[in-house]
Amino acid sequence: MPKADVLDNIFDKFLKGPTIFKNHEVLHPDYVPDYLPHRDKEVQTIGKILAPALRGYRGSNVFIYGKTGTGKTAVVRYTLDHLIRKSREIGAPIDSCYINCRLAGTDYRVLSNLCETVGIVVPFTGLATGEVFDRFRNTLEAKKIALITILDEIDALIKAHGDVLLYKLTRINENLKGSKVLLIGISNDLHFKEFLDPRVLSSLSEEEIVFHPYTAVELKDILSERAEMAFIEGSVSEGALHLCSALAASEHGDARRALDLLRVAGELAEREGASKVTEDHIKFAQKKIEEDRVAEVLKTLPLHSKLVLFSVYLMAKSKTEGVTTGDVFEVYKELCSRLMLDPLTQRRVSGLVNELDGVGILNARLVSLGRYGRTKRIHLGIPPESISEIYTSDPWVGQLMNYVLKCIQKQKK
DNA sequence: CGTCCACAGGAATGACGGGCGG
DNA sequence: CCGCCCGTCATTCCTGTGGACG
């Protein structure tokens, strides 16, 4: 059979076969639904804070904390959408601007985003940030509007570039007569306050809202709601939903995670031609998401981190309990000499171990061996099979590793 | 009870590369 | 376009430390 026919078959099967998705899109992370279960209180609170803008008062700046997947962004966007709609109805001069600070990356790009919303174009680069700020302020002043600015993931920007911009923004109203700016800061980091200048903090957190993680029960409501929209009726088992919400709840009540899980499970089910998403699909999806994450991290690891990881891997085979920093460093040095590479210092390797621990690929625990010193006890944090990712992701390193393995085996014999 | 191991991890400093601002 | 500055990664030097051993 010619190739094209085989493909046609696959496509036809896909098109005609029993699909279980009705609307795939509603499971994607940036979809904002018409109703946000279990966030009524937050929606109302933010609504009350923003409402004065409809009458031309400034209202308060708001600072929102909460871990990932607790609905911060969704609630703010939802509330703001409604506010803007209302303002159009009654003709109130309100505009809004949503900026993800982490994606924007620098002060300059945040500002250029702001400029865009007030309708002026600034060059990619070339202007001093102060100049861009002035242009923004002047244009805003001329437009005579209330601008509600959402600064999402603001902690990322502050940690990277300091709070100069934020300070300027919080004080911008002092120099404005016709217009006003209302700031909504969103942070994933609960300890973010400590990074801020007290003046900025007091101005920004005139109102503070903390978003608590969803409980398993709440997650289930969210999932049921979304599943109803996303899937054809009856194609998701009750057990699957239950498991899905339980899994996400155990991971700090992350709704995004739960929705991801459901989406991937649905895709898996559809691909294998199943008519129903089952608990097994969820379990499989959980595994797949984790594997993808690990593979992604391994792929992007710097060379010496790979070597450190590989050292731990080699030793984990023989020693089941406890590899120390010193052990790892010795093996690592040996690897380097075989590969004709300059080894890093022990200090650095110790740091790399900590970094690998941070992303969950290694488990490093500080222990004291009394008379025999203090060190870290290091284990693999992932299944050893995953290490093969290193081979596949980086052929050069893979070849070297194979070479090293052969040398070691020869020595043993 | 003091010693001393085998590191942890902070601070200062240097090399390098890339983007900002003039 | 170029110099400068800033962030990242790494090194060097350093002080700190929990607890088994003698």
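Which side-chain atom lies 2.8 Å from a phosphate oxygen of DNA strand C? A polar side-chain atom of Arg348 takes that position, and Arg348 is also among the residues closest to DNA strand C. This is a predicted model, and the points below describe how its protein surrounds DNA strand C and DNA strand B, how its largest nonpolar core is built, and where several of its eleven salt bridges are found.

**Around DNA strand C**

- Twelve residues surround DNA strand C, and the closest of them are Thr345, Arg348, Gly370, Arg371 and Arg374.
- Sugar and phosphate make up 74% of the atoms of DNA strand C that come within 4 Å of the protein.
- Sorted by class, the surface near DNA strand C consists of four nonpolar, four polar and four charged residues.
- A base of DNA strand C is also approached, for one of its nitrogens is 3.2 Å from an N or O atom in the side chain of Ser368.
- Arg371 takes part through its backbone, where a polar atom is 3.1 Å from a sugar or linking oxygen of DNA strand C.

**Around DNA strand B**

- DNA strand B has 20 residues around it, and those that come nearest are Thr325, Arg347, Arg371, Tyr372 and Gly373.
- Within 4 Å of the protein, 67% of the atoms of DNA strand B belong to sugar or phosphate, and the rest belong to bases.
- The surface near DNA strand B has five nonpolar, eleven polar and four charged residues.
- Elements that each supply at least two residues of this surface are α15, α16 (346–358) and β8 (374–380), and α16 gives the most, with four residues.

**Salt bridges**

- Side chains of opposite charge can pair when their charged atoms come close.
- Arg348, whose side chain reaches a phosphate oxygen of DNA strand C, forms a salt bridge with Glu355, in which the closest N and O atoms are 3.5 Å apart.
- Elsewhere, Asp260, Arg263 and Glu267 are joined into one network by salt bridges that share partners.
- In helix α15 (residues 325–338), Glu334 and Arg338 lie four residues apart, about one turn of the helix, and their side chains meet in a salt bridge with an N to O distance of 3.1 Å.
- Glu334 is partly exposed, with a relative accessible area of 39%.
- The side chains of Lys86 and Glu89 also meet in a salt bridge, at 3.6 Å from N to O.
- Lys86 and Glu89 are three residues apart in helix α3 (residues 72–90), so about one helical turn separates them.
- Lys86 counts as partly exposed at 41% relative accessibility, whereas Glu89, at 61%, counts as exposed.

**The nonpolar core**

- In soluble globular proteins, nonpolar side chains tend to be buried together.
- The largest nonpolar core of this model has 33 residues, and those with the most contacts inside it are Leu114, Phe136, Leu140, Leu151, Ile154, Leu166 and Leu169.
- Helix α5 (residues 107–117) gives the most to this core, with five residues.
- When its neighbours within four places in sequence are left aside, Leu166 is in contact with Leu151, Ile154, Ile158, Leu196, Val200 and Leu204.

**A buried glutamate**

- Glu42 is found in helix α2 (residues 40–50), and Glu42 counts as buried because its relative accessibility is 8%, which falls under the 20% cut-off.
- Not counting residues up to four places away in sequence, Glu42 touches Val75, Ile209 and Phe211.

Notes. Residues are numbered from 1 along each chain as its sequence is written. Chains are lettered from A and ligands numbered from 1 in the order in which they are written. This is a predicted model: local features need pLDDT of at least 70, side-chain atom pairs count only at pLDDT 80 or more; totals for chains, interfaces and linings use all residues. Side-chain values use heavy atoms; hydrogens and water are left out. A nonpolar core is a set of buried Ala, Val, Leu, Ile, Met, Phe, Trp, Tyr and Cys residues joined through side-chain atoms within 4.5 Å. Buried means under 20% relative accessible area, exposed over 50%, partly exposed in between (1.4 Å probe, protein chains only). Contact means heavy atoms within 4.5 Å. A residue is near a molecule or strand if one of its heavy atoms lies within 4 Å of it. A polar contact is a pair of N or O atoms within 3.5 Å; within protein, one must be able to donate a hydrogen and the other to accept it, and residues adjacent in sequence count only if both atoms are side-chain atoms. Ala, Val, Leu, Ile, Met, Phe, Trp, Tyr, Cys and Pro count as nonpolar, Asp, Glu, Lys and Arg as charged, and the others, Gly among them, as polar. A salt bridge is a side-chain nitrogen of Lys or Arg within 4 Å of a carboxyl oxygen of Asp or Glu.
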